[in-house]
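Me: I'm new to this one and would like a close look at a single part of the picture. Could you walk me through the salt bridges, taking your time over a few of them?

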Amino acid sequence: MTQKSRDRLCEHETSVLIAQRNHLAEFSLFLINAAGDIFLEKHWKSVVSRSVCDYFFEAQERASEAENVPPVIPTPHHYLLSVYRHKIFFVAVIQSEVPPLFVIEFLHRVVDTFQDYFGVCSEVIIKDNVVVVYEVLEEMLDNGFPLATESNILKELIKPPTILRTVVNTITGSTNVGDQLPTGQLSVVPWRRTGVKYTNNEAYFDVIEEIDAIIDKSGSTITAEIQGVIDACVKLTGMPDLTLSFMNPRLLDDVSFHPCVRFKRWESERILSFIPPDGNFRLLSYHVSAQNLVAIPVYVKHNISFRDSSSLGRFEITVGPKQTMGKTVEGVMVTSQMPKSVLNMTLTPSQGTHVFDPVTKLLSWDVGKINPQKLPSLKGSVSLQAGTSKPDENPTINLQFKIQQLAISGLKVNRLDMYGEKYKPFKGIKYMTKAGKFQVRT
Amino acid sequence: MTDSKYFTTTKKGEIFELKAELNSDKKEKKKEAVKKVIASMTVGKDVSALFPDVVNCMQTDNLELKKLVYLYLMNYAKSQPDMAIMAVNTFVKDCEDPNPLIRALAVRTMGCIRVDKITEYLCEPLRKCLKDEDPYVRKTAAVCVAKLHDINAQLVEDQGFLDTLKDLISDSNPMVVANAVAALSEIAESHPSSNLLDLNPQSINKLLTALNECTEWGQIFILDCLANYMPKDDREAQSICERVTPRLSHANSAVVLSAVKVLMKFMEMLSKDLDYYGTLLKKLAPPLVTLLSAEPELQYVALRNINLIVQKRPEILKHEMKVFFVKYNDPIYVKLEKLDIMIRLASQANIAQVLAELKEYATEVDVDFVRKAVRAIGRCAIKVEQSAERCVSTLLDLIQTKVNYVVQEAIVVIKDIFRKYPNKYESVIATLCENLDSLDEPEARAAMIWIVGEYAERIDNADELLESFLEGFHDESTQVQLQLLTAIVKLFLKKPTETQELVQQVLSLATQDSDNPDLRDRGYIYWRLLSTDPVAAKEVVLAEKPLISEETDLIEPTLLDELICHIGTLASVYHKPPGAFVEGGRGVVHKSLPPRTGSSESAESPDTAPAGVPAADQPSVIPTQGDLLGDLLNLDLGPPVSGPPVATSSVQMGAVDLLGGGLDSLMGDESEGLRSDVGGSPAMGGGSGGFAPAPGTAVPSNTGAPLGSGLGDLFDLTGGVGTLSGSYVAPKTVWLPAMKAKGLEISGTFSRQVGSISMDLVLTNKALQVMSDFAIQFNRNSFGLAPAAPLQVHAPLAPNQSVEISLPLNTVGSVMKMDPLNNLQVAVKNNIDVFYFSTLYPLHILFVEDGKMERQMFLATWKDIPNENETQFQIKDCSLNADSVSSKLQGSNIFTIAKRNVEGQDMLYQSLKLTNGIWVLAELRIQPSNPSFTDLELSLKCRAPEVSQYVYQAYETILKN
């Protein structure tokens, strides 16, 4: 192509050009804290100058909040794909057409792994364990191909630091790098290592459901859906083969499984059949969509008005139980972002504690348990900046709550059976419902 | 005791200190030192000076230390190539270690050291590792081949690693298969022609088996690879779909989206009547919805892809509107994408809900989001006619809020609503006018001015309103200035008596006091129009405007199809084909959706494979578009350039095009309002004296068919052997696929009839917008072929319309020898862009009608042409006898001069003449006595032997059709 025709092309394409390099091979990772400092970098192929992050900083500056930094940023020669978790930006620098979900999924996996290794994922802890971090990252990716991302496997390759091990290592000179190939990695069940032994054999399953809902001014549901997961903690000796069946499997029409679940069995019999990984893992996540009627366990009565004439407004909200199947609603927390023109709020709660931050304009009210006999309420007045007109936007109320021993979708486990091993395990199932993104418009 | 201690040594002698520690005898101290070095590396400090010291630590039994040293090596080997050689021995040794972990580690690190000198030492160890007994080592080695290929492709090919890699696709271990696929895909991407992954039903089956067993990441590679496969019929497509569907339930969103890509692509081949088609549609919705409950970053990518899917197959998500409702604490980038999809899904059934939501969003805090929400209301009005009234009243409510940016945005969209439903909602104009003063954004001001101009007759004080803008004319942005100019001219044409002064004022402001050429030119056009022919001016300026289309921001179908093939990639995030943002275009292969095949049809005739790869139909000699551009650029079809016009085919054409382009660029960037007023209106050109005639009127006086062929006609008639039907015409083939030409598809063929050559074209508009202003030019070519008349497309070409045109050609254009000789490079322009393609014309269109040589002359010439100019050809499988051959050829102006029978063989002596006067003599040997021997032997003699090859091709084409 001649220079001229290329120029013409460029005129049409305002988008940024990237160099076509190898598929995935170019991959660098930068960890950036809220202050905009790069505190860790790792390059898998060639060293990319950290100046590439300037494009990220620009985007960061433009975004009003850290959450709003766009996850895909093009630069003249690279793409920056980022995730924001634990107040840290994990920025991947790639140089070619590569599936962005692949990279973003991988970054999330990196964060999960850090959390799993160190308990928390923070700048301090990452800096404290920088060598392990580096070793783990090296183990997770090779030339753009993820190598080991299952934390079971990783932990066998690179042992997570513990206070005891650090001490022992220092005394004996031994290392935290495993010198054997993880046994499970190439078997038919790569997620499980062989030779697992426990004195107490136990399998616990937590059915956790989160309700995402938008409730309109009048209290009717605009949209509501349930995101459910079944998290498992399985500590069983040997190679147990489990089956889990439900009373009402029809609810589960949109599911994602852990790779251990035999999909065919599910398709034909609606039974979860699997050889579990050892330890903690997410067996299943599911989604109950707006089509099915979703029970809404709480309601909010609100009366918020910013009067035009005076600079005082009225604020009153009451929270009450709705469809709770007789269970107690607890851990209730109400937060609401007030308009900018609100100067202060003078409020009295019937229970719990409340805070209004006049800088961020965030009102939060820690309610606690809802007693159906005596509904919690928060009342008082709002003082507005003098001279400003009535705020245009009404605050949305964000609700958090928990209900123990209830899966709001009605999902119930029927039975759990174990094959392949002789012993009798201890089995337990717990249910819990939580608010996800639960919003009430006023 | 944490690693942060490694960061504390920031004193001056740091490197020196580390050096000492690295060379310490104590193992523990060494390791600590290496850790310090690594720690420095992580924060971007340069510790390359320690290279020899660190490499010295490499020979150790301590695995952790070894790993750390390897980490260091990968980072710095490139900057210290000579030193890196030191490491080779250890690598080779480690590749033989009994511990597979160490073998794998060595082979992995080896590949990361991008130093040319080292690579050749690594071949042997790599070869061993590729055949290692341990699958962990094999899978690592597979990746290493890709790494090595990137450093030295030739070496990898010479060493036969690619074959080994292909063998690994049949490995017993699924992880090895997945990595081999990934490595091959990567290599194939940098060598698109290499056909490394030649997919066939057997290898597909292997991949599908491995798909069930390998890791999530491997599944992504395999699915992406499957997506490039073209199933042979709908049954195969369905069976692949069935085996891919379970991936939709995977927890990894990248796996899900890659599976969606495969399904969306192969679905194209399934008949819509099939039960399975419906089942598949239903299965696609839940996983897409689930993606929206993932982390926001994943949601964003998913939403960008859903945007494409919704445009391609709206039925999948039509019931899922609610999941796209915006939560107030969604990140802004998610909010904006959700909004976009809401509008795409909006229909009469759900519009009430959507509007209620949009109104809610319009009161939110984030300005960008609010603006887009307001705009969305307008788009709903345009999309769902039944809701227009409701939308307008919602917009009016929003205007009442007096929130500045809401008002401005509302006015911009109301302008569009007026253009979609003229004379319906003008009652709101009064309300709009009240807000005139608060508008400070150019787009809103321009929209308001457009409204005032368009409805000037209904607004009593339109002149006052427009006059108020005129005061600060020079401070306005160009957009507003242009709009103001047009609006005042409209006003003048509607109320000429009161506004004469105003219009003069604006015309003088635009033409005399402005530096902006667009504004000046538009001013002059109006001025001349008004002064020469006010009636024409009225017709032009107040012409009825076409309604704006329902959805203005739909992606063009051809681009959409291509993007569907790229679901899950960056292309899908940017909604641009990979070619648009991949530098240099290396390795960019256009992907296209497979054609739909009817089940019964394909089952019966497996031979008629679907024309899945259009590229395969084209002759391979045609250079790619990229090469062509260079040659064709000097044709200057694009925007006008100064300098002498290149001697192109027909003299007049250049001027016409220049003007066409000029007019276009004059009008092109202006707002829609004027474009429909003036642009493309053929009447206006005539009035403006300063301009050359407009394209429509400037047909150069056609000198008819070239003189030579005219004579030929005469000759033929007198000779009494005139051809009645004309020469053979090949069926039309696609010359320019729509994908390469922004929706313009051109197919065509060449014909010669009674002495005149023509190019028979079919232009098809596969884009969403109307196409007009067509023009054509040829690059210089071997025989001076050139259009004898401009390309006449009388009416603009509406979307999905085609037009057939026969373009007369002559051979008086300028000559340049092409390779191949009959290559013709063509440029076609329309209102959108200029496109280039090249095609091969059959030589027989150049055989003139007076190509019959006198017998004596033939004999003399045959002898005269030296023997080395004689070329022999075989025409296989032609069972015609001498007479039918002779008459067939005569139809295409190949004349038989004599026929002889020698030893049971018929010998035909023939002559033909090309348009440029070259004679070609032929001897054709036919064996009628032997029916099993059907080959004809052709000897050609010509003074310009390079044409023989093409004459032979012409013979073959004519005889076989």
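Reply: Counting over all chains, you'll find 56 salt bridges in this structure, and do keep in mind that the model is a predicted one.

Let's start with a pair that involves both chain A and chain B. The side chains of Arg109(A) and Glu216(B) come together in a salt bridge, with 2.9 Å from N to O. Arg109(A) sits in helix α3 of chain A (residues 100–118) and Glu216(B) in helix α13 of chain B (residues 216–226), so this pair joins two chains. As for how covered they are, Arg109(A) and Glu216(B) are both buried.

Now for a pair inside chain B. Lys372(B) makes a salt bridge with Asp340(B), and their closest N and O atoms are 3.6 Å apart. Lys372(B) belongs to helix α20 (residues 367–383) and Asp340(B) to helix α18 (residues 332–345), so the pair ties together parts of chain B that are 32 residues apart in sequence. The cut-off for buried is under 20% relative accessible area.

Next, still in chain B, Glu476(B) forms a salt bridge with Arg445(B), and here the closest N and O atoms are 2.6 Å apart. Glu476(B) is in the loop between α25 (462–470) and α26 (478–494), whereas Arg445(B) is in helix α24 (residues 442–454), so this pair ties together parts of chain B that are 31 residues apart in sequence. Both Glu476(B) and Arg445(B) are buried.

Helix α24 of chain B also holds Glu454(B). With a relative accessible area of 15%, Glu454(B) is buried. If you set aside its neighbours within four places in sequence, Glu454(B) is in contact with Lys490(B), Lys494(B) and Lys545(B).

Salt bridges can link up into a network, too: Lys42(A), Glu138(A), Glu139(A), Lys67(B) and Arg108(B) are connected that way.

Finally, some background on chain B, where several of these residues sit. Chain B has 42 helices and 14 strands. Of the 961 residues in chain B, 57% are buried. Take the contacts in chain B between residues at least 6 apart in sequence, and 68% of them join residues at least 24 apart. The accessible surface of chain B is about 39,200 Å², with 51% of that belonging to carbon and sulfur atoms.

Terms used:
Residues are numbered from 1 along each chain as its sequence is written. Chains are lettered from A and ligands numbered from 1 in the order in which they are written. This is a predicted model: local features need pLDDT of at least 70, side-chain atom pairs count only at pLDDT 80 or more; totals for chains, interfaces and linings use all residues. Side-chain values use heavy atoms; hydrogens and water are left out. A salt bridge is a side-chain nitrogen of Lys or Arg within 4 Å of a carboxyl oxygen of Asp or Glu. Helices (H or I, at least four residues) and strands (E, at least two) are DSSP runs, numbered from the N terminus. Buried means under 20% relative accessible area, exposed over 50%, partly exposed in between (1.4 Å probe, protein chains only). Contact means heavy atoms within 4.5 Å. Accessible areas come from the Shrake-Rupley method with a 1.4 Å probe; for residues, only the protein chains shown count as cover.
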